[in-house]
Amino acid sequence: MGQLLLVLLLISFISTLLLATWVRGRAQQHANAYPADAVQRFHFGDVPRLGGLAMLMGFSVSLLYAVVAQHLGYGPNVELSDWDAAAYIGCLAGPVLIGVWEDITHRVSVVLRLFITASGALLAVWLLDAHIGRLGISWLDDWWGAYPFLGVALTIFAIAGLPHAFNIIDGYNGLAGLVTIVISGALVYMALKFGDRQLATYALCTLASTAGFLIWNYPRGLLFAGDGGAYFWGLNIAIISILLVERHAQVSPWFVILLLVYPVWETVFSIARKTLQGVPPSMADSLHLHHMIYRRIVRTVFHEDEAQQLLSKNNRTAPYLVGLTILTVLPALIFWQNTPILMGFCLLFVTSYVATYLWLTNHKLVKWLRKRLR
């Protein structure tokens, strides 16, 4: 089993790297369509944003190899049938490709993208039997089980929402990709722990495809993931996480929540912040935690002439947030069965996040809230 997984990792990594190289060469003419004055732009030059297309293709190649290897009797069974592979890729394809189309044209509405990602989520419920059947709280689970439609609705919301959460944290070279690798690695470990070879294959190929893309993205930022890449990451991780909890009753649902608490809370906090400020939640800005860390911490460790150069290689921001992710993933892996402890770590993260954000913004938000209340 280990040998085949290693081969899958190499195939996914190499195929994505080669496809990313090809995409970067072909997509250069589309790079200048990205607005030069966008508030969330922190790089120089025109960089293609089609990394998501390369990752989807590399991921698909690796799943195709797994299916063919099983038909030929090569190596142990990874429990991946033709139907499983086709259904899984089918759930990813629509949302990722609409994200890619937005990366090329910059004319796809937010409503349409939400509709397509929700359609992909609905396909996951139907074709993959992805369903949030429990919440990890006994008295609530008894009531939750009596109304199955609630689980379906929450599943669609979660699968459709997480890609947009990854889109929010995809602000600096390597940030969202490295976060994906850390989370995917945890999912591979948990899937193998329960002998779930199919989920381990999905998670491993997600990890390896992301690594192949990162060769071009980190640290130099020569290819960006774009919306398509964020949708690829979010859909994969959401589907794998839901299937892991649904298939293995020993795993607390709060294991997944703690695993994903950084991108999820970044999104929730961003919506609340913009709503309080009277700004539409869909409007892009440069006031997320990674922007604050870049301005308040990263830039201060360089001299002024070097700070200007930092705009072209903003990779120094990613390690701070990746470290933050590791600090949530480790307790999730240790206490994966213990719901109260996992909930406590989630609360600790939320509290620490808010305190850090207020500190980095010099308490401007607190002053604004006080003035507003008066």
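Q: In which loop does His106 lie?
A: His106 lies in the loop between H4 and H5, where H stands for a helix; helices (H or I, at least four residues) and strands (E, at least two) are DSSP runs, numbered from the N terminus. The model is a predicted one, in which local features need pLDDT of at least 70 and side-chain atom pairs count only at pLDDT 80 or more, while totals for chains, interfaces and linings use all residues. Residues are numbered from 1 along each chain as its sequence is written, and side-chain values use heavy atoms, with hydrogens and water left out.

Q: What is the phi of His106, and how should I read such a value?
A: Most residues other than glycine have a negative phi. His106 is not a glycine, and yet its phi is positive, at about 60°. Asp129, which is placed in the loop between H5 and H6, likewise has a positive phi, near 60°, without being glycine.

Q: Is Asp129 buried or exposed?
A: The terms rest on relative accessible area: buried means under 20%, exposed over 50%, and partly exposed in between (1.4 Å probe, protein chains only). Asp129 is exposed because its relative accessible area is 57%, whereas His106, at 25% relative accessibility, counts as partly exposed. Over the whole chain of 374 residues, 49% count as buried.

Q: How many salt bridges does the structure hold?
A: Side chains of opposite charge can pair when their charged atoms come close. A salt bridge is a side-chain nitrogen of Lys or Arg within 4 Å of a carboxyl oxygen of Asp or Glu, and the structure holds four of them. One of these joins the side chains of Arg49 and Asp103, at 3.6 Å from N to O. This pair links distant parts of the chain, with Arg49 in the loop between helix H2 (28-31) and helix H3 (51-71) and Asp103 in helix H4 (residues 82-105), 54 residues apart.

Q: Which residues are linked with Arg49 in a network of salt bridges?
A: Arg49, Asp103, Arg113 and Asp227 are linked in such a network. The side chains of Arg49 and Asp227 meet at 3.9 Å, N to O, and this pair also links distant parts of the chain, since Asp227 is in helix H10 (residues 226-247), 178 residues from Arg49. Asp227 and Arg113 form a further salt bridge, at 2.8 Å, N to O. Arg113 lies in helix H5 (residues 110-127) and Asp227 in helix H10, so the pair ties together parts that are 114 residues apart in sequence. As for burial, Arg49 and Asp103 are buried, and so are Asp227 and Arg113.

Q: How many disulfides does a search of the whole structure find?
A: A disulfide is a covalent bond between the sulfur atoms of two cysteines, counted here when the sulfur atoms are within 2.5 Å. The search finds zero. Cys205 counts as buried because its relative accessibility is 1%, and Cys346 is buried too, at 7%.

Q: Where does the model have low confidence?
A: pLDDT is the predictor's confidence in each residue, from 0 to 100. Its mean over the chain is 85, and 83% of the residues reach 70 or more. Among the elements, helix H14 (residues 304-310) has the lowest mean pLDDT (50) and helix H11 (residues 253-259) the highest (97). Where pLDDT is low, the predicted coordinates should not be read in detail.
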